[in-house]
Amino acid sequence: MTKTTVRDWLKKPIVGILLAIAIGFAVGAIVLLIAGYNPGEAYGALFRGVFSKPKYFAQVTIKSTPIILTGISFVVAFKSGLFNIGSEGQYITGALVAAIVGSQINLPPVIHFIVVILAAMVAAGLVGALVGFLKSRFHVHEVISCVMINWIMLYLSNYMITLPWFKKAGTEASVEALESSWSVVANNWKTSEEGLQQLAGSDSPWAEALLKTDLNYGILIAVIVAIGIYLLYKNTVKGYELRAVGINPHAAKLAGISVDKSIVTSMAISAAIAGLAGALTITGVMPHRVTQLSMHEGYGFAGISVALIGGGSPIGSIFSGIFYSMLTYGSASIQSETGAAGEIMDIVIGVIIYLIAISSLIIMLLNRKSAKAGKAAKNG
Amino acid sequence: MDATYAVEMKSISKYFGGFCALDNVDLCVQKGEIHAILGENGAGKTTLMNILYGFYEADSGEVWTNGQKREIKTPKDAISLGIGMVHQHFMLVETYTVLQNIILGDEHIKGPGVIDYKKAKAEIKKLAEDYHFNIDLDAKIQDITVGMQQRVEIIKALYRGADILILDEPTSVLTPQEIEELIDIMHNMVQNVKTIIIITHKLAEIMKSADTCTVIRRGKNIDKVAVANTCEKDLAELMVGRAVEFTVEKQECRRGSALLQIDGLVVEDDRKIKKVDGLSLELFEGEILGIAGVDGNGQKELFEAVTSLRKAKSGSIRIDGQDIQNTSPRKTFEAGISVIPEDRQKSGLVLDFTIAENMVLEKVQNAPFSKHGILDWKVIRQNADKLTKEYDVRPDGSAGMRAGALSGGNQQKAIIAREISNDGRVLVAVQPTRGLDVGAIEFVHNAILSERDKGKGVLLISLELDEVLKLSDRVAVIYNGRIVNIIDAKDADEKRIGLLMAGGEGA
């Protein structure tokens, strides 16, 4: 019986993920040792680089916001059996539309922000819906259309930045979004005369976290989205249908669920969330504008890693997004404190993701074995 | 004396976790015989054979082949001892040719990295001739029938030098004709001094093919009988452990008014070939109309058109005069058509959903299962608890289990529970007992009959002629996409229908 319990325990996804993380760090430590660095020191630097000051942790959460959202975006498509590799392009769409609506329209604060993110989500959602439509109508594989749209959006954004009404003279970037559209925490107060005085006078590390970072409401919105998506799948008819289509389109179709419609819906939701990630970067983080890019920034791919480490769950993506962001942000401290290359964290993340991919394979095998035994048990 | 046994398995026990799959099972197979292993789904037949083939290791017991004790740890060991196995689900590469599949993993090489197809082809041709296999070595697997694919698997085993061939449920995917051919092939093989072990729960085939039969129930040896000295009824009793009724109690058919009317239906398949070609039929309330026919005569396309999975080219399908052709699966469901699909795992269930979730697959958007788009889990769960109890979907508490964790028979019971609870007016059942054992078949048949007695119209599409004859009130024979004749069940006999099915002139 002990054999079964160990097996059951190993089958819990969270155990596999934690194990993968532990092994990832162990492998990183070995690499550091070989390279002649003390892994204890390096990981200590990583830890201090994240936790020693509220400012650092504020940076981690700020940087985690877009990848939590692109992670959830990936999860949504994946639940319906789709591989949305296009969150990169959808992110750019969201950012571009947010910059346009944020800079060209004048609205009161809060309302302006809401209009900006809704516009960005609708635009990115339409891009996703197009991918879904191409798949359901013409059987174009979503990976192909997504990759193409990634580049189309990159160049569209670069082109828009050259237009006179949008380009900021003397820069390779667009004009900034108006302050009324910003989602920066206590922006008015911290830029006001008395706010500045009070903050400058205080040597509280919390004041520093507020003043010297772009601390913004994006993380709260990401958490709300995660909970919303979780509830969508758990408690709604739509979520039920989207899941059914993802697991078994044949049975779903025969049962009267429209597979084509579900593909379009799922891609649209997925893309809208990636677009939201882009919009929140514009509203929340300096310099509140889009810039010329020669290549993708990698939020989409980071999202895939976040979704995987998060066990394919929207709630899990919050934690894995923050975790991922800790490793990437903290890697700078490793470099500055010990001299070891910060890229060591890329190795750790890479190992973790490989192991998680393998662990889901192991879980599948364990399930198959116990299903066989269970099957025999039922009839026996 | 021992040397006359090709295979001896002595006191084999196997545990999966705490569950005992095999409990001191013995098996003695003589050289040159066809030995059947009979048992219900999950009795342990396949586990026993997987031990012989090296997939699993026994927890205790010995395996002997040709009079010597053996340690079989992997399939490779088994193959080197001349044991071959053909699985229920074939392991073939769809896009490769027959020849490539046969030599895969055991290629003759001309030079480094160059396969000597010529030599392999000559060898395989000879094998095929020896055993009267009629097979095109250059055809791609995806283009040949399931029966042919099975032959490829058999030749594959023979090509690797198998003298002892294990066939796992070989007939579950075959048409009646293909089953006959397979039995011929098996007889041919034993004449060439091969030994065959066949795992099955189909009694008729054991009677026709096997010499000896070992019966296993719940992981225990029940009996070993010479097939010549037994009959189907005795075998069934040994397998299930109780007397089994082969004939169903049927009340008089009380036919009502016409319910489902199909007129001049034409349906094309994906390759634009007319598979249903001007088909007309009428289904009445309170009757079972059986569609008998050889596979591939339009049954699949008829089913897909009735459920609106596929567009009809022309013609009409009506329920109570209301047109439902070319609408959508949901519309046909709302019009009152419930469906027991042919492939329960592919089309009937979402295997990664729980049974509770599966029980509302077609009607989750309706009250009381959801309100304003929000699911009511309590109602969904209660519904499943009630249905699983009523239809004896085992094990207890299956409502909360993944559908994929249930046995085939219980999966089918779950589908039947769901479809009957839909309370539609027409029940379309396609191969409703495929792959089920005797006990489960009895259950399914009774459920279908009780629907008829409630006044529902049942359209039964089945390749098992026995089943069609046993259940139907009228038998419609489908050939080349048309109904060639409709015969009252009282006047139907197997010979006449068989002739019609084969396209013989209408009696």
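Visitor: In which helix of chain B is Arg151(B) found?
Guide: This is a predicted model in which local features need pLDDT of at least 70 and side-chain atom pairs count only at pLDDT 80 or more, while totals for chains, interfaces and linings use all residues. Residues are numbered from 1 along each chain as its sequence is written, chains are lettered from A and ligands numbered from 1 in the order in which they are written, and side-chain values use heavy atoms, with hydrogens and water left out. Helices here are DSSP runs (H or I, at least four residues), numbered from the N terminus. On that basis Arg151(B) belongs to residues 146–159 of chain B, helix H5.

Visitor: Is Arg151(B) buried or exposed?
Guide: Buried means under 20% relative accessible area, exposed over 50%, and partly exposed in between (1.4 Å probe, protein chains only). Because the relative accessible area of Arg151(B) is 11%, this residue counts as buried.

Visitor: Which residues is Arg151(B) in contact with, leaving aside its neighbours within four places in sequence?
Guide: Contact means heavy atoms within 4.5 Å. With those sequence neighbours left aside, the partners of Arg151(B) are Phe133(B), Asn134(B), Ile135(B), Glu181(B) and Ile185(B).

Visitor: What is the relative accessible area of Asn188(B)?
Guide: Asn188(B) has its place in helix H6 (residues 176–191) of chain B, and, leaving aside neighbours within four places in sequence, Asn188(B) is in contact with Tyr131(B) and His132(B). Asn188(B) is classed as buried because its relative accessible area is 16%.

Visitor: What is the area buried between chain A and chain B?
Guide: The contact draws on 27 residues from chain A and 42 residues from chain B. Buried area is the accessible area (1.4 Å probe) that two parts lose on being put together, summed over both. Carbon and sulfur atoms give 65% of the area between chain A and chain B, which comes to about 3,100 Å².

Visitor: Which residue of chain B forms a salt bridge with Glu241(A)?
Guide: A salt bridge is a side-chain nitrogen of Lys or Arg within 4 Å of a carboxyl oxygen of Asp or Glu, and the rule finds two across the interface of chain A and chain B. For Glu241(A), the closest N and O atoms are 3.6 Å apart, and the partner is Arg330(B).

Visitor: Which element gives the largest share of the side of chain A that touches chain B?
Guide: The elements giving two or more residues to that side are helix H11 (218–235), helix H12 (237–247), helix H13 (249–254) and helix H17 (344–379) of chain A. The largest share, seven residues, comes from H17(A).
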